[in-house]
Amino acid sequence: MNNRPLPDEHTFEIPASWRSQLHPRRDGTPAPPIHPDPQAAGTVRALIEEHAELIDLLVTGGDCDPELVAAVGRHLDGDPDPLGAAAIAAVITQRSVMRKTEESQAFFDSWVVTHGLGFAACAVVELSGLYAVHWRGGWDEKPHVLVEPKGDIHQHCPVTLRRARSLLASAADGVYPEAEAALAGHRRSATQRGLVSYLVPTRQDWVEECCADRSMGPNVSHLLYYSLRTRKQYLTLHNRVGFDAGRVSIYSVLPTLLEGMGPAALPLLLDVLDRGDLGEEKHQYVLGLIAELPTDEAFKGLLGRLDRRGVRPVLQAMARRFPVRALRLLAEAAPVSFDAALLLADHLSADAELAAAALRRLPPGTRTAAESAMASLARVPEAPAEAVPAVLAGPAGPRSRPVLEGLQAPAPRVAWGAGERRQWLEDVPDLLPVPPDADWKALIGEFRSGTPSISIAQLVVYGPEELAWPPDEERDRRAREEVPWLKPLVARHGLRALPVAVEMAEADPAHCGTALLPFWHADVALMAAGWLTRGGDRADTARRWLDRHGPAAAPLLAPAALGKTAERRPAEWALRYLLLRHDLEEIVRAAQAVHGRRAADALEALLSAHPVETGLCPTPKIGDWLDPASLPQVLLRDRRLALPAAAAERLVALLALPFPHGVREIRRACDPRSLARFGWALLRQWREGGAPAQDDWALTQLAWTGSEETVEQLAALIPLWAEEGRHKDAAKALGVLADIGSDAALKHLHDVPRKATSKKLRQEAQRGMRRIAGRRGLSAEQLADRTVPDLGLAVDGGLVLDYGPRRFTVDLDERFKPVVTDQKGRTRKTPPSPGAKDDLLLAPAAHQRFTAFRKEARAAVADQIRRLETAMASGRRWTADQFGDFILGHPLMCRLARSLVWVSEDGDAVTAFRITEDRTLADVEGEKFTLSPSARVGVASPELLGDAVAAWSQTFAAHGIHQPFPQLARPLPAPGEPKAALGG
């Protein structure tokens, strides 16, 4: 049995390496001893003699407060006075920034040697609150000296203050109380009170008083961080002044704070870490401090920031220091986080004996969860060769490419979607009015004579089809120059408009490329293929065209792909793009229907071959950042066998291709979660290797290996990369989300334009949404259905704000405003501010979450109310499944929908209903209503409800339902107008 001892994971001790950084306290960790300079008094006498003129001016007091002048006089006359001594030091030390530290320390040491530590401490308090300046002015250049108090620290020297605190911390038992008593008399101003609380942090009553003092300046307030002991003090001070790393040294204040508060200081460390304005050295320093804390909160804090630079190696070191905690927390997170799963695998493999000893220390329930997570990471036997997907069975073979010349492109056509042509016909800008009382033959004559009174655009969009199209080359050229209204042009004239559409799309693909989408034409197919290889807006239009036509594009591309012309390469690229989303059999079948069996066989051979074999691309060269041996296994579908190491390396090589080869076959053969974890591990290695741009395929391959978990984790990386200035990687990640194309990916893309500051990222997100919509055939409203935010609400419950010892639930009231409920059922408009007894991490985060919720809810509710009102006015209908998914099953939409009357249309049966509090359906009489799977559902208009409006109004009034917009209160059709008969 393994009896290996495990380290103490609960005791926090100040590391010896921190001691030189601490600002010591009397009851804290001993600091290296310091001793006053016995020669300091002589140094100060020499300085006073050197600057006798300034001291004389100070004594004469022409520009100074009389009380201060008197204090200087007393001190010079042999009656020691801390204020007088400080004024003299202020005048002398202010004249030279370079020598201030040295001279201030000399004055302090001389006070200690000559008058004692108590006097010196009081004098340094006075000095730190004084402002001194001297100048020459007037016609005779008369010298002046001014010394006066300021509202915050101006003249203090951090080294001198720290020296005073250090001597006080180590003072003899009889000296310290005397110094404390003396300092009590120098707490006249807020600045002095703050300085005294810094020097004698044992007086926690003074510290608490200063933390709450709103009259205290920010500089001296930040010195209080060196004296904090309790969570209450921290919250009070932090809420008052925040924390500005520019006002204090993080190398001293953070370890001193930890020495005083212990692990309870973690929130400030995480706050500093999250600022993003630290240099690399300070960033690593803060990480190192957090790594010393033996708490779950510290480990989770870094685990939640695993994507930030430098966190992973620190967390790995933390796992070695606290192996039981690491095993427990990583096992909890592994099922929902690829990064946690990979860290857990690293932790288990780094020291199996230590992991086994740690496992035995876990409580039974936690041990079971850890064992389950460990079992999911355990290596399984490698699959035999015959079980490996054919595409991974061997390396690319010799160059070989099938050729079949003489294939003819099929006859072109315009392929419209349902209702699409009508929409394009109506897509006419307001700047293109219909010519009034047009005599089209006369207008054509005007064009022939060169004196047209209307634009060529008006002619081709509105004129009779038999006359409208420009009949000669000159007018055709003018149409190219003057017609930006391509959609109605294409919808009206079809293939006749193709030359104009092609020329304008080539000149401006971003704005005119969409006009080519309906054309099923070999020239357009080859243009799209060429654009695909060039990137940018052209590639986006090319993908939309290929997504739209799918396998039907194969007959258009096959002649070029199987030929010997220069167009063969882009044609093959385009066909391989189709392979990412369609089975090879579909593509081959479409080609065979037009070109016959021989062409189909040749095309199948071409697309089945490795792209390196066909000469499409060279063998990818992968950087030395890749460590194949440390990648997790990819399991086959049954999860009992894994890809052999050689097959996994070939998988990496395939993913490194511009269009990964054999993706659909690999995804069918492999376990989705293990494939996604493999892809995420590739990304992690690439990032840890410096994220070389030439290997950014390690990012884009997530589109083919990724899962819904990948979507969530990649979406979390995008704002981080944008913050770090890695906008290209962030834009590519948005492209990955668009390629994945799930509803979750859509939601994240939809969030970017609202949150991103980068115009490029906003444009990329919008482009991604258009790609998904085009590929899935979604209308604008169907796209909007899938991007409604849930605000963190549950369908049957609110958003929980966890403060630690107490919780609050946020929901929307009957008027869709936020309402907060505490654990006793009491409601309020907002949650309370975090208190001293609340969790230092959870409570501030929960309070910030409510602030974000309120802002997001205001915008989301307004947007969705407008959409629902538009749906009523336009007569939009959802299928029963869509209604269940996007209305009844959506946390926000269900809440809004409960306040409306809905209508079900199923053949001749038309029934109005509402959604009850428990999400069942009821008619106007309150009887349960069951929605037919074949029904079409919409927001009922009052015209459709007809005479039933009154009954529904009574029902809503009886239930206290407030409508988000006038539905039942809308005026009914005028008498004599037809009404739809609708049963209650």
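**Close-up 1. The buried residues of helix α2 (residues 52-60) in this predicted model.** Helix α2, in which the residues L54, I55 and L58 are buried, belongs to a set of helices (H or I, at least four residues) and strands (E, at least two) that are DSSP runs numbered from the N terminus. Here buried means under 20% relative accessible area, exposed means over 50%, and partly exposed lies in between, with a 1.4 Å probe and protein chains only. Seen down the axis of α2, the buried residues fall within an arc of 100°, the arc being that of the directions from the helix axis to the C-beta atoms, so they line one face of the helix. Residues are numbered from 1 along each chain as its sequence is written, and side-chain values use heavy atoms, with hydrogens and water left out. Because the model is predicted, local features need pLDDT of at least 70 and side-chain atom pairs count only at pLDDT 80 or more, whereas totals for chains, interfaces and linings use all residues.

**Close-up 2. The salt bridge between E180 and R203.** The side chains of E180 and R203 meet at 3.2 Å, N to O, a salt bridge being a side-chain nitrogen of Lys or Arg within 4 Å of a carboxyl oxygen of Asp or Glu. This pair links distant parts of the chain, with E180 in helix α8 (residues 175-184) and R203, 23 residues apart from it, in the loop between α9 (190-199) and α10 (204-211). E180 is buried, with a relative accessible area of 18%, while R203, at 24%, counts as partly exposed. The structure holds 55 salt bridges.

**Close-up 3. Two further salt bridges, R866 with D863 and R597 with E604.** The side chains of R866 and D863 meet at 2.4 Å, N to O; being three residues apart in helix α46 (residues 842-874), they are separated by about one helical turn. D863 is partly exposed, with a relative accessible area of 35%. In the salt bridge of R597 with E604 the closest N and O atoms are 4.0 Å apart, and R597 is partly exposed at 41% relative accessible area, as is E604 at 32%.

**Close-up 4. The buried residue E613, which has no salt bridge.** E613 lies in the loop between α35 (597-608) and α36 (645-655). The nearest side chain of opposite charge, R576, is 7.4 Å away, where Lys and Arg count as positive and Asp and Glu as negative, His and the chain ends not being counted. Leaving aside neighbours within four places in sequence, E613 is in contact (heavy atoms within 4.5 Å) with A396, G397, P398, R399 and S400.

Close-up 5. A574 counts as buried, at 0% relative accessibility. With neighbours within four places in sequence again left aside, A574 is in contact with A529, L532, L546 and L557. The C-alpha atoms of A574 and L22, residues that are 552 apart along the chain, are separated by 65 Å.

**Close-up 6. The network of salt bridges that links E9, D296, R325 and R328.** The linked residues in this view are E9, D296, R325 and R328. Side chains of opposite charge can pair when their charged atoms come close.
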